[in-house]
Amino acid sequence: MSGAPAIESLGVREALDAALGAQYILAGDDIGERYRADIIGKYRSAPAFLAKPATTEDVAAVVKIAASHDLSITMVGGQTGTCGGAIARDGGIALSLERMNRIAEIDTISMTLTVEAGCILQIAQEAVEKEGAFLPLDLGSRGSAVIGGCIAANSGGNRVLRWGMMRDMVIGLEVVLADGTVVSSLTKMIKDNAGYHWKELMIGSEGTLGIVTKAVLRLRPNPLTNQTALVALPSFDMVARLLRDLEVSLSGQLSSFELMWGEFFELITTAQLAARPRPMALGHPYYVLVERLGGDSLVDAEQFERVLADQIEAGVIVDAVVAKSENERQALWAVREDLRGGFDPLQPCSVYDVGMALVDMPTFVTEVQHNMEAAYPGAKLVFYGHAGDGNLHLVVSVGKDRAGNEDDIDRVVYETVQTVGGSIAAEHGIGMSRLPFIGLTRSEAELALMARIKQALDPQGMLNPGKVVAL
Ligand SMILES: Cc1cc2nc3c(=O)[nH]c(=O)nc-3n(C[C@H](O)[C@H](O)[C@H](O)COP(=O)(O)OP(=O)(O)OC[C@H]3O[C@@H](n4cnc5c(N)ncnc54)[C@H](O)[C@@H]3O)c2cc1C
């Protein structure tokens with residue numbers, strides 16, 4: 001596949017114009033910045049075309065044109081993926097489904113949402129809520145990330161502990177394959193063991209095996225109550241104990257368990273002081289944002305406070321703040337989600353999203369600090385994450401030594417992940433930035449299988465090349 005703009009681009013342009021209408025095809029410098037660069041500022045590219053289809057048939061037409069001109073296609077969703085996954089090849093086609101953003105149906109009997117892939121997650125969440133139902137997927141990037149991007153990345157987020165990742169919510173799927181074939185199974189059935197579940201291959205494949213155009217997502221009844229608290233804990237053992245205790249004592253309704261190390265809490269709440277007071281004193285080694293979504297408005301709040309009081313009594317929690325209003329709830333969530341300016345004192349820094357068994361987390365934290373200090377004396381590391389799912393984010397700052405050493409800093413982190421048998425990409429995917437390190441997480445046999453799947457479904461290598469598999 002050629003890296004430079006295709007010689008025959010005039011012919012391509014005419015074909016694309018004819019398929020979608022000239023106003024929905026942009027070329028060269030007319031392509032906006034958001035389709036060329038990722039939000040972490042690491043990757044930029046110069047796609048030859050940006051196509052904005054309105055229907056699945058339009059998508060299939062673009063794919064066929066790309067195939068016949070040997071051009072790559074990269075899907076651009078909300079561009080919040082942070083690993084360079086949605087960066088098109090120079091001279092390739094960037095495809096945005098922003099015109100395919102319709103909600104086709106909210107079925108409150110079958111409890112399903114049928115939606116086009118370009119719909120923004122928050123818009124889908126709000127539409128579902130208006131109908132008295134609940135779409136559990138929730139991410140800090142909810143205002144920009146789109147359903148197709150969330151499926152392609154198998155997104156996780158704040159409520160995985162209770163409702164699972166995107167994979168657990170996708171019941172039906174429609175995709176366009178690399179040869180332009182439309183495969184549609186927009187079923188609402190939860191149980192369906194009739195042969196291979198091809199949709200599982202598509203979920204989390206980051207646009208390398210097919211283009212997601214529509215989906216049927218599983219909904220849940222809207223929770224009637226929410227209780228949110230920020231708690232402080234003296235040790236990681238107590239964090240693990242609190243998680244298990246709350247899962248039992250809140251009768252399976254614990255929905256979020258967001259762990260923040262003391263340094264993270266200090267940085268973020270200091271940056272927020274102009275906007276809101278710090279909700280709890282500094283100085284504790286661990287803080288956890290806990291949320292329960294319940295169904296009994298008579299007893300839930302009282303039970304929640306009693307459970308926390310028991311945990312204080314037992315010495316598991318040393319301090320707790322319970323939100324008494326929606327405003328207070330949002331202020332507590334802001335500590336975990338409103339990261340603006342929080343990492344400024346660490347800039348320039350690298351941010352990671354790794355996974356491991358909860359039991360391995362303290363070892364990993366100690367080891368990665370040790371290994372980073374050995375490689376970059378004085379390095380600062382800050383930790384937080386969806387601990388209930390074994391998902392840890394870490395921010396690494398090595399100061400001015402970062403320039404030119406970004407890949408080596410990645411290596412130190414990912415080699416340490418390997419020592420605890422963890423994953424280098426818990427939820428944000430592989431994209432481009434983690435591709436050189438995927439062998440630290442996947443065995444040779446697994447990588448060979450992934451390559452065979454890619455070759456079987458995309459023999460020309462035209463769908464999002466250079467991501468996930470090194471072909
Ligand atoms: C502040 C912030 C908080 C975040 N929090 C979380 C979190 O809690 N949990 C989590 O899992 N992630 C989180 N993320 C990462 C990111 O938001 C998710 O990975 C999200 O699913 C990406 O969606 P997007 O629309 O932005 O996709 P993009 O970044 O545009 O694309 C992601 C990948 O999917 C491909 N793609 C996009 N659309 C399609 C399609 N229709 N068909 C096929 N492939 C497609 C792209 O080519 C790319 O490879 C966060 C990111 C930010 C910036």
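Tutor: Across the boundary, 15 residues of domain 1 are in contact with 23 residues of domain 2, where contact means that the C-beta atoms, placed from the backbone, lie within 7 Å. On the domain 1 side, α2 (56-68) and β3 each supply at least two of the touching residues, and α2 has the largest share, with six. Helices here are DSSP runs of H or I with at least four residues, strands are E runs of at least two, and both are numbered from the N terminus. By class, that side of domain 1 has six nonpolar, seven polar and two charged residues; Ala, Val, Leu, Ile, Met, Phe, Trp, Tyr, Cys and Pro count as nonpolar, Asp, Glu, Lys and Arg as charged, and the others, Gly among them, as polar.

A word on where this comes from. This is a predicted model, in which local features need pLDDT of at least 70 and side-chain atom pairs count only at pLDDT 80 or more, while totals for chains, interfaces and linings use all residues. Residues are numbered from 1 along each chain as its sequence is written.

The domain assignment gives domain 1 as 9-98, domain 2 as 103-221, domain 3 as 225-337 and domain 4 as 344-448; such bounds come from an automatic or database assignment. The centres of domain 1 and domain 2, taken over C-alpha atoms, are 22 Å apart.

Now the ligand: 37 residues surround it, and the closest are G77, G81, G148, G149 and G207. A residue is counted as near if its C-beta atom, placed from the backbone, lies within 6 Å. β3 (73-75), α4 (147-152) and β10 (211-218) are the elements that give two or more residues to this shell, and α4 gives the most, four. The shell has 14 nonpolar, 20 polar and three charged residues.

β10 also belongs to an open sheet of five strands, ordered β5-β6-β10-β8-β9 with antiparallel pairing; two strands pair if DSSP finds at least two bridges between them. β5 (103-107) and β9 (182-185) each have a single partner strand, so one side of each is left without a neighbour in the sheet. The twist averages 10 degrees from one strand to the next. β5 pairs with β6 (residues 112-116) over four bridges, and D107 has T112 of β6 as its bridge partner. Helix α3 (residues 121-130) lies across β5 and β6, at about 40 degrees to β5; axes are lines fitted to C-alpha atoms, for helices over the stretch in contact, and angles run from 0 to 180 degrees between N-to-C directions.

Technical notes: Contact = placed C-beta atoms within 7 Å.
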